[in-house]
Protein chains: 2
Amino acid sequence: MAAAESPVLALSGGVGGAKLALGLADELPPGKLHVVVNTGDDFSHLGLHISPDIDTLIYTLSGNANTTQGWGLEGETWNAMDALQRLEGETWFRLGDRDLATHLWRTDRLAQGDSLPQVTEKLARQLGITSHIHPMCTAAVRTTVHCEGRDLPFQHYFVKEQCAPVVTGFSFEGIADARPNERVVALLEGTAVAAIVVCPSNPFVSIDPILQIPGMWQALRDSRAPVVLVSPIVAGLALKGPAAKMMAELAVPVTALGVAQHYCEHYPGLLDYFVIDESDATLAPQITALGVEVAVTNTVMKSREDKQRLARFTLSLVGA
Amino acid sequence: MAAAESPVLALSGGVGGAKLALGLADELPPGKLHVVVNTGDDFSHLGLHISPDIDTLIYTLSGNANTTQGWGLEGETWNAMDALQRLEGETWFRLGDRDLATHLWRTDRLAQGDSLPQVTEKLARQLGITSHIHPMCTAAVRTTVHCEGRDLPFQHYFVKEQCAPVVTGFSFEGIADARPNERVVALLEGTAVAAIVVCPSNPFVSIDPILQIPGMWQALRDSRAPVVLVSPIVAGLALKGPAAKMMAELAVPVTALGVAQHYCEHYPGLLDYFVIDESDATLAPQITALGVEVAVTNTVMKSREDKQRLARFTLSLVGA
């Protein structure tokens, strides 16, 4: 068991994962939380480099997220979008005025030669975040959603088409040439990481892109830290986003067991613990049979206290 | 003398020129005003293609200009800039939230292969302008201000350093390879242009870049339309901007006569008429001696009516 001062590594996508990340950040000493973030959702739009999951994490951890809307900044204004609409520009991806500054700044820094990890680190610091936010890699990896009859870039599927098309699979362009963010590699190699927490994010489009970067999931498995997954599926429903709909369309059982099977099949030996919701307690024996230790608690995070409580539960489970 | 239905061609930079352009647009039938605009001030900033003179003209002609501030949009908000400041981004060039949409849209359209004239035409139409706004050329021409000891890109001189450095000269990078906007060429060749009006813009950094595009000033001179210049210098002062300061630093007499001498020396035979202010009436004989017909009126434009009156005076002078 690692000491409380050891770093904890979390894997996360956007909104769902960011909730638990916020709880973890609250529970851990400042600077001890490291979050590896999916960048497969990144895209270029209106000439801007947009990193939706990074921004959701940073806005959430800095206390600026619009929790009612579920994305973007609290108290945001939309004057640029309104003006763009008047010009008949593309407004399907809603960029708030303050949010625009993030994208302008990031795009400019990248054009000047900074890497995405450097830009992300600076962004987090400027917004007062003590946790470390690590883009999963430096290379451009782009998630494509294969739908019946056509392929869609992720944001087109997710935002423009609002997840309506029926999904047949996913691919991550550029992933074969990507390497895990070297800061994450160094963390896994250099220090006693106390725990690796897979946040309740979408397995297919948030966590798979991270784990499928060549060498990533093996490095996580081979580290001495226990790996604990928090289920993104509760009572057959996704806590956030299209995970349940995707599972149904892919003929994966829409249950915590289906999630466990997905991870155990594709990443054998990775998971040590699986936190499932009380409503799914009856699935525990079948999940345990997969070789994963199951822990049951209330995993629905509504309030800040919910997030902290689930974070405490998860950390204590692995002695972190 | 051309009929009132014939087009009028105006040459303009930003704020000063846009005032007379607004008067001309008010006085002429819809669609009859064509404005050739300086793009030497254009620059790339935060990845955005910014065309300050085009935007000032379009915002002015569409009734959206912030006339108190002298630039940008009326009722503008600054949330993106405030957020960018928090990120320690570059905020010396103030981009309002609505104004940002213009730059995002333009940059995106250019990236998709539209030309600056096409983008400008669409922008003008979307904002309800019936006048035609023609960027002086399609190629990138960039004004450099030579100052004592260093060279500054125009916006660095003008905005970042607020025109403080002492000027020794100007150059227009890329101008040797630029060609006059073909719509302007077609207009001069194809129709009976009633008049060519050089608006009261800065001779050195607004009008010179236009006239020095290879073939431009000769085409204007050789057209059958009379060319009338409205003085940007009144009683030794620039109506707007650093023109007077520049003239003093370049040892050009800071008078309407100095302006006339500049044009007659560099563009012999171009000017037919020169509209000067009543306060400069005593300079008329010396200007007439340069071979330019002088007309005296009140050239200071404060109200909308001032602009319309000066436009009427200028048009009637040449029978347009």
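1. In chain B of this predicted model, strands S7, S6 and S8 make up an open sheet, in the order S7-S6-S8 and with antiparallel pairing. Strand S7 (150–153) and strand S8 (167–173) of chain B each have a single partner strand and stand at the edges, so one side of each has no neighbour in the sheet. From one strand to the next, the twist averages 25°.

2. Within that sheet, strand S6 (residues 142–147) of chain B is joined to S8(B) by six bridges, and these strands run antiparallel. B:His146 has B:Gly169 in S8(B) as its bridge partner. Helix H8 (residues 203–211) of chain B lies across S6 and S8 of chain B and runs at about 30° to S8(B).

3. For chain A, an open sheet of three strands with antiparallel pairing has the order S7-S6-S8. Its edges are strand S7 (150–153) and strand S8 (167–173) of chain A, each with a single partner strand, so one side of each is left without a neighbour in the sheet. A:Cys147 has A:Arg150 in S7(A) as its bridge partner. Helix H8 (residues 203–211) of chain A packs on this sheet, where it touches S6 and S8 of chain A, and its direction makes about 30° with that of S8(A).

4. A separate point concerns strand S10 (residues 227–230) of chain B, which is covered on both faces. B:Val227 and B:Leu229 are buried on one side, and B:Val228 and B:Val230 are buried on the other. In a regular strand, side chains alternate between the two faces of the sheet. S10(B) runs parallel to strand S9 (residues 195–198) of chain B, with three bridges between them, and B:Val198 is opposite B:Leu229. Three bridges also join S10(B) to strand S13 (residues 273–277) of chain B, again in parallel; there B:Val230 is opposite B:Val275.

5. Helix H5 (residues 116–126) of chain B has B:Leu116, B:Val119, B:Thr120, B:Leu123 and B:Ala124 as its buried residues. Viewed down the axis of H5(B), these fall within an arc of 130° and therefore line one face of the helix. Their cover includes helix H2 (52–61), helix H4 (97–111) and strand S5 (132–135) of chain B. Just after H5(B), B:Gly128 adopts a positive phi of about 80°.

6. Chain A is superposed on chain B by a rotation of 180° with 0.0 Å of shift along its axis, at an RMSD of 0.0 Å. The two copies are thus related as by a two-fold rotation axis. Among the residues of chain A, A:Asp97 comes closest to that axis, with its C-alpha at 3.0 Å.

7. At the interface, 22 residues of chain A contact 22 residues of chain B. Helix H3 (79–86), helix H4 (97–111) and helix H5 (116–126) of chain A each supply at least two residues of the side that touches chain B. H4(A) gives the most, with nine residues. By class, the residues on this side of chain A are 11 nonpolar, six polar and five charged. Of the interface residues of chain A, 100% are also interface residues in chain B, so the copies meet through the same surface.

Definitions and conventions
Residues are numbered from 1 along each chain as its sequence is written. Chains are lettered from A and ligands numbered from 1 in the order in which they are written. This is a predicted model: local features need pLDDT of at least 70, side-chain atom pairs count only at pLDDT 80 or more; totals for chains, interfaces and linings use all residues. Copies are superposed by least squares on the C-alpha atoms of residues with pLDDT of at least 70 in both. Two residues are in contact if their C-beta atoms, placed from the backbone, lie within 7 Å. A residue is buried if 20 or more other C-beta atoms lie within 10 Å of its own, exposed if 12 or fewer, and partly exposed in between; C-beta atoms are placed from the backbone. Helices (H or I, at least four residues) and strands (E, at least two) are DSSP runs, numbered from the N terminus. Two strands pair if DSSP finds at least two bridges between them. The arc is that of the directions from the helix axis to the C-beta atoms. Ala, Val, Leu, Ile, Met, Phe, Trp, Tyr, Cys and Pro count as nonpolar, Asp, Glu, Lys and Arg as charged, and the others, Gly among them, as polar. Axes are lines fitted to C-alpha atoms, for helices over the stretch in contact, and angles run from 0 to 180 degrees between N-to-C directions.
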